[in-house]
Amino acid sequence: MSNIFDLFKKIEKQSDPTPVTYIVAGLGNIGKQYERTRHNAGFLAIDYIADKCGVKIDRVKFHSTVAEATIGGARVLLMKPSTLMNNSGVAIGEAAAFYKIAPEHVLVLHDEISFDAGVIRIRRKGSAGGHNGLKSIIAHLQSEEFPRIKIGVGKKPSPEYDLADWVLSKLPEPDFKAICDRFADIHAATEDIIKGNVDAAMNKYSK
């Protein structure tokens, strides 16, 4: 494994001398069947950020597709884990270990079923709150001290509704539009968080 890391580091030095100091990971599931599902809100958001940064998340690395970009003056690794949602921590933990990045510099964008579609909440840290992707990240980083942007994807229609069926269901057009309408705010909040202005981001965009 160390030989693979050494090779990665050699490639990084050849491609860009600026070291990666921040990870921004959007959570979701890869595969056509998961496109535009509630669970893929993080993928959708990070694709928007990549587009605004003028990069494509298309390099395969750390059990993910990745790209590098400059956001808020920092060199950032944008990630879409390809491990499926429940094992997101495998990819993020590997990248964090490689770049020696502390949990406080790992920003996670993920779906949240407690909020209506389009509502976003920014948190400096916290528990998994029943989200299996976050649970995996906490286990692999061995910390809850990482910021996250929660993206509302709509509440279950009833308590009895199966959770897996709900998060893997396709977003209806109004909900999809409500979420997409917040991507500019998510991008701006990401920049604020990377600059260290987490409280400012919480005050401006958590509404």
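**Aromatic pairs and a helix crossing in a predicted model**

Phe62, Phe98 and Tyr99 are linked into a cluster by ring pairs (ring centres of Phe, Tyr or the six-membered ring of Trp within 6.5 Å; planes under 30 degrees apart are stacked, over 60 edge-to-face, the rest tilted). The model is predicted, with local features requiring pLDDT of at least 70 and side-chain atom pairs pLDDT 80 or more, whereas totals for chains, interfaces and linings use all residues. Residues are numbered from 1 along each chain as its sequence is written, and side-chain values use heavy atoms, without hydrogens and water.

The count of aromatic pairs is 5. Tyrosine 48 and phenylalanine 183 form a tilted pair, at 5.6 Å centre to centre and 45° between the planes. Tyrosine 48 belongs to helix H2 (residues 41-53) and phenylalanine 183 to helix H7 (residues 183-194), so the pair ties together parts 135 residues apart in sequence; helices are DSSP runs of H or I of at least four residues, numbered from the N terminus. Tyrosine 48 is partly exposed at 24% relative accessible area, while phenylalanine 183 is buried at 6% (buried, under 20%; exposed, over 50%; partly exposed, in between; 1.4 Å probe, protein chains only). Phenylalanine 98 and tyrosine 99 form an edge-to-face pair, with 4.6 Å between centres and 80° between planes; both residues are buried.

Arginine 36 lies over the face of phenylalanine 176, 3.6 Å from the ring centre, and arginine 38 over that of tryptophan 166, at 3.7 Å (CZ of Arg or NZ of Lys within 6 Å of the ring centre and within 35 degrees of the ring normal).

Methods
Helix = DSSP H or I, 4+ residues; strand = E, 2+ residues; numbered from the N terminus.
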